[in-house]
Every structure is written in C-alpha cells, then in structure tokens.
Amino acid sequence: DERMVLQFQITLYGDDERLVMARDITRLHQLEEMRRDFVANVSHELRTPLTVLSGYLETYSDYADQLPPRFARGLGQMQEQTTRMQNLVNDLLLLSRLETDRGGADHAAFDLQALLESVKRDAEALSAGRQTISVELEQPASLTGSEQEIRSAISNLVFNAVRYTPPGSHITLRFKPHPKGGCLEVEDDGEGIDPIHIPRLTERFYRVDKGRSTATGGTGLGLAIVKHVLLRHDAHLEINSHPGQGATFRCIFPASRLILATDDAFPHHA
Ligand code: ADP
C-alpha cells in the first residue's frame, strides 16, 4: 500500500535549539511485514501435513510390538520429532499472532493465585519429582488482560526452570507488590546464566547451550513469546542471574493492570 513510515529523532541543544532528523523506514517496515506474513503462512501450511503424519504414526505405534525392534525404535523417534515440529509450528503461529494483533490484550480480571496454582500443577507433571515447586503470594491480587496469554508466559518461564535446573533444585512462583505496580516472578536456584547471554535471551532461537536445549524439548521461542505477551499487557521482563546462583525472571506489571486486594476485602485469602 501507499503508507510511508517515518522515524523522527529530536535532539535538544540548550533551551531553544532543536535538531530534528527524519528517516524514511518504509521499506524496512514492509520487509518486516513480509517476513512476519511469510512465517505465519509457512507455519499454517505445515499444520495439516504434521497432523496427518502424527495420526498415522499413532496408529502404527499400536502395532509396534509386531515390528522388529530396530523399526520400533525408529517409530518412537519419528513420533518424538513430529511432536517437536508441531510444538515449533504452534509457537511460531502464537508468536506471529502476538506480533500482528496490535489491539493489545483485553481487560478481563482473573485471580493470580488460581492461575499460579494451576501452572504449578502442570510444571510438577513435567518435573516428575526432580524439583520442588512452590507458590508464594505476598498479597492476593488479580490481573487484567488475557488469562490465556499470561498463562502461556508464566508456563514458559516455569517449564524453562524445570528444564534447565538440576534435580533437587527449588523453583518459586511468586507475586509481590512492586514500586511500578506488581511483580510476578519465577525464581530458581539452578546453575544460572552467564550475564553476557542475558540481553539476547528473548531473541527467537537464541540459546545458551544449543545441544542441551534441543534435548530438553524447547522450541527456542519461549522467552520471545513471554516478551511479546508482556508488551501487550504494558508489562516488561527483567532477567537476573549469576552463574551458580540460579536465575530470576521478573514480569513487572503497571498498577493499571492490577487489582490488589487487602486481606479485609478478601477474607478467604487471609
Ligand atoms: P528454549 O528453552 O526452547 O531453548 P527459551 O527462549 O525459552 O528457548 O530460552 C532461551 C534460553 O535461555 C534457553 O535455551 C536456556 O539456555 C536459557 N534459559 C532459560 N531459562 C533458564 C533458566 N531458568 N536457567 C538457566 N537457563 C535458562
């Protein structure tokens, strides 16, 4: 279309002088849009063939005991890799939806305690007893926005903690008041992340340890999804970690997105 996109940079000199620079970024903008559409279309087109593949593989695996062992092993591998591709395609679609849908998240309120308890149960299933996972709410609170999106963001953070911490680690899902409003955080006491990697962690497919990450079943898109979900909720992510001392992923929400309850108003939380 005919839209032109300009980027302005205004520099102030003293009290009355300004330098205004305008840059035509129309082409850059168009390329970015094309990239997004392309990724969304390819992901969408891959869905059907993957569904067909996984359907047949499931049927065949019912007869796995009639196959020679080396074929049965191959069948298991095919199922595993098909599931990986499906997860990847689903994450790519989710991410492109989060990027293109500029409406911002809706404003329905949902209770944080219920959400955190439910994410905790899912994470415990993934952890299978290797880590201990707890929920701490310093103050009962509700958030306004898309519960489904916030759930997927928090799940990504907690599942990462389960995947990247050794057995015996402690993982805490915590909500506490924050000068800006409120902070929803996932803290672990695992091996942590070297600070040089932290600024790049939310980039798509950025991984600290390529080999290990693929084996853990992640798609490489988890933190990119978290970042975009938070953006749509006027919130942002802060990552804090020191090697050997665990990692904390903080989602900082503005007061406008929070309904903080006093214990008086919500006696059942007291
Ligand atoms: P994925 O987990 O699929 O590789 P993510 O975007 O979710 O992709 O995470 C990016 C990288 O950040 C991971 O590959 C891992 O190296 C690192 N990481 C994320 N969470 C943790 C954590 N709790 N402890 C240590 N490293 C982590």
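Begin by selecting Gly218, which sits in the loop between helix H5 (210–216) and H6. Keep in mind throughout the tour that the model on your screen is predicted. Is Gly218 buried or exposed? Its relative accessibility is 11%, and because buried means under 20% relative accessible area, Gly218 counts as buried.

Phe205 belongs to the loop between strand S7 (181–188) and H5, and with a relative accessible area of 36% it is partly exposed. If your viewer lists backbone angles, look up phi for Phe205, which is positive at about 65° although the residue is not a glycine. Most residues other than glycine have a negative phi.

A second residue to look up in that list is Asp234, which is also not a glycine and has a positive phi, near 55°. You will find Asp234 in the loop between H6 and strand S8 (236–241), where it is partly exposed, with a relative accessible area of 49%.

Now select the ligand and display the residues around it. How many residues surround the ligand? There are 17, and the closest are Asn160, Tyr164, Asp188, Arg207 and Gly220. If you colour this shell by residue type, it divides into eight nonpolar, six polar and three charged residues. Helix H4 (147–164) and helix H6 (222–232) each supply at least two residues of the shell, and the largest share, four residues, comes from H4.

An N or O atom in the side chain of Tyr164 is 2.6 Å from a ligand oxygen, whereas at Val208 a backbone N or O atom lies 3.3 Å from an oxygen atom of the ligand. At Gly222, a polar backbone atom is 3.5 Å from a ligand oxygen. Taken on its own, the ligand has 540 Å² of accessible area, and the protein covers 96% of that area.

Next, follow helix H4 and select Ser155, which has its place in this helix. Ser155 counts as buried, since its relative accessibility is 10%. Show the side chain of Ser155 and trace it to the backbone oxygen of Arg151, which it reaches at 2.7 Å.

Which residues does Ile154 touch, once its neighbours within four places in sequence are left aside? Ile154 is in contact with Leu116, Val119, Leu173, Leu184 and Cys251. In soluble globular proteins, nonpolar side chains tend to be buried together.

Finally, zoom out until the whole protein is in view. The cartoon shows six helices and 10 strands, and the C-alpha trace spans about 85 × 55 × 40 Å along its principal axes. Of the 270 residues, 37% count as buried, and the protein exposes about 16,100 Å², of which carbon and sulfur atoms supply 54%. Among contacts between residues at least 6 apart in sequence, 67% join residues at least 24 apart.

Terms used: Residues numbered from 1 in each chain as written. Predicted model: local features only at pLDDT ≥ 70, side-chain atom pairs only at ≥ 80, totals over all residues. Heavy atoms only, no water. Near = heavy atom within 4 Å. Polar contact = N/O pair within 3.5 Å; in protein donor to acceptor, adjacent residues only side chain to side chain. Areas by Shrake-Rupley, 256 points an atom, 1.4 Å probe, with all protein chains shown as cover. Nonpolar A, V, L, I, M, F, W, Y, C, P; charged D, E, K, R; others polar. Buried < 20%, exposed > 50% of the residue type's maximum accessible area, 1.4 Å probe, protein only. Contact = heavy atoms within 4.5 Å.
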